[in-house]
Amino acid sequence: MSFNTYTTQALDQRPNVNVQTAGSITMFSVHDWDSVVRNRLAQIGALPQGWDGYGSERIGEDVRWFALQILYSSMTKDQMAPSIVPIAGGGIQLEWHTFKGDIELEISRPNQTELYVAFEDDRPIIEMPLSTDFSELTKALREIA
Amino acid sequence: VSAAFEIPRDERGHPKPHDHPNFDGQKRVIRRVEDNGVHIVLAKDGVGRRISSAIFKNTKPTPHDYVSCDSENCIIERGFEPKSYVADNPKWCGAIILTAESMRLVEREGHPLSIGMWPLPENHCHGAIWGKINSSRAIELLRNCEWLWEAEGVRIVE
């Protein structure tokens with residue numbers, strides 16, 4: 001999936017469905033975490049202006065939609081849903097914390113994100129900006145989530 | 001000393017990034033904690049709860065965008081008790097506190113922090129933290145924090 005050409009399809013449209021064809025049978029599967037993530041993004045989208053008590057702006061649909069696209073491209077259907085929190089200034093953070101490590105993806109705006117990965121072993125912390133290639137996130141999710 | 005300090009302001013009257021005497025050395029910075037999934041996320045065990053590093057972040061770090069805080073020194077100087085002062089609204093479920101000195105430990109070359117005052121009509125002790133705080137810096141800040149007002153069942157860090 002290209003993140004250079006993301007669209008602003010409404011978040012409340014039907015869940016993302018994977019279509020696979022086996023002979024004459026077409027199979028559909030919805031990600032296990034789909035509804036959890038969509039509900040959470042909708043809650044964050046409903047936060048009013050000043051949601052943090054100090055005038056922070058609302059979390060735009062472009063940011064929420066971009067977050068969803070990243071998850072669809074980076075996660076398998078059975079991985080754990082991230083915790084999703086708003087950030088002052090209009091961003092979103094996706095977080096996974098397990099006994100294998102921690103992953104945080106800060107999304108400031110579409111195509112402007114920063115990845116943080118800390119493994120439980122003694123490997124060095126990864127902290128890097130990501131814009132269109134989220135393979136580092138995919139790799140970290142495979143180990144941690 | 002803090003009362004005599006004049007807050008630098010821009011042409012709109014908004015405070016410019018500055019370091020205020022209310023945040024010198026061992027004087028402490030308070031950050032209020034909000035529940036409802038705003039500042040709190042699932043812990044490693046998938047059951048417990050912890051504070052998100054997002055509590056110290058602002059994704060638009062311009063002179064007019066900052067992370068809000070409260071000055072313990074200002075609150076005490078005005079004759080209030082800090083915990084009661086920050087627990088003034090049910091939207092908050094706790095508050096963490098750390099010294100300005102320990103906050104400055106996360107400063108890096110080219111990434112300074114300014115910790116100043118941004119008084120509001122409803123909160124004269126409202127402060128502002130300017131500067132980019134990424135995840136590793138925010139987590140380091142959380143490690144330096146203690147509870148001023150403990151959020152029930154929430155860990156600051158793991």
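Biologist: Glad to have you here! What ground rules apply to this model?

Modeller: Residues are numbered from 1 along each chain as its sequence is written, chains are lettered from A and ligands numbered from 1 in the order in which they are written, and side-chain values use heavy atoms, with hydrogens and water left out. As the model is predicted, local features need pLDDT of at least 70, side-chain atom pairs count only at pLDDT 80 or more, and totals for chains, interfaces and linings use all residues.

Biologist: How many residues of strand β6 of chain A are buried?

Modeller: Strands here are DSSP runs of E, at least two residues long, numbered from the N terminus. Buried means under 20% relative accessible area with a 1.4 Å probe, protein chains only. β6(A) spans residues 112-119 and is mostly covered, the buried count among its eight residues being six.

Biologist: Which residue stands opposite Thr113(A) in β7(A)?

Modeller: Two strands pair if DSSP finds at least two bridges between them. β6(A) and β7(A) (residues 126-130) run antiparallel and are joined by five bridges, forming a hairpin with six residues between them. Opposite Thr113(A) stands Leu130(A).

Biologist: On to the interface: how much area do chain A and chain B bury between them?

Modeller: Contact (heavy atoms within 4.5 Å) takes in 32 residues from chain A and 32 residues from chain B. Buried area is the accessible area (1.4 Å probe) that two parts lose on being put together, summed over both. With 48% of it on carbon and sulfur atoms, the total is about 2,400 Å².

Biologist: Which residue of chain A forms a salt bridge with Lys44(B)?

Modeller: A salt bridge is a side-chain nitrogen of Lys or Arg within 4 Å of a carboxyl oxygen of Asp or Glu. The rule finds six across this interface. In the one with Lys44(B), the closest N and O atoms are 2.9 Å apart, and the partner is Asp102(A).

Biologist: And why is β1(B) largely enclosed by the rest of the structure?

Modeller: β1(B), residues 28-34, is joined by seven bridges to antiparallel β5(B), residues 92-99. β1(B) is largely enclosed because, of its seven residues, the number buried is six.

Terms used:
Buried < 20%, exposed > 50% of the residue type's maximum accessible area, 1.4 Å probe, protein only. Helix = DSSP H or I, 4+ residues; strand = E, 2+ residues; numbered from the N terminus. Contact = heavy atoms within 4.5 Å.
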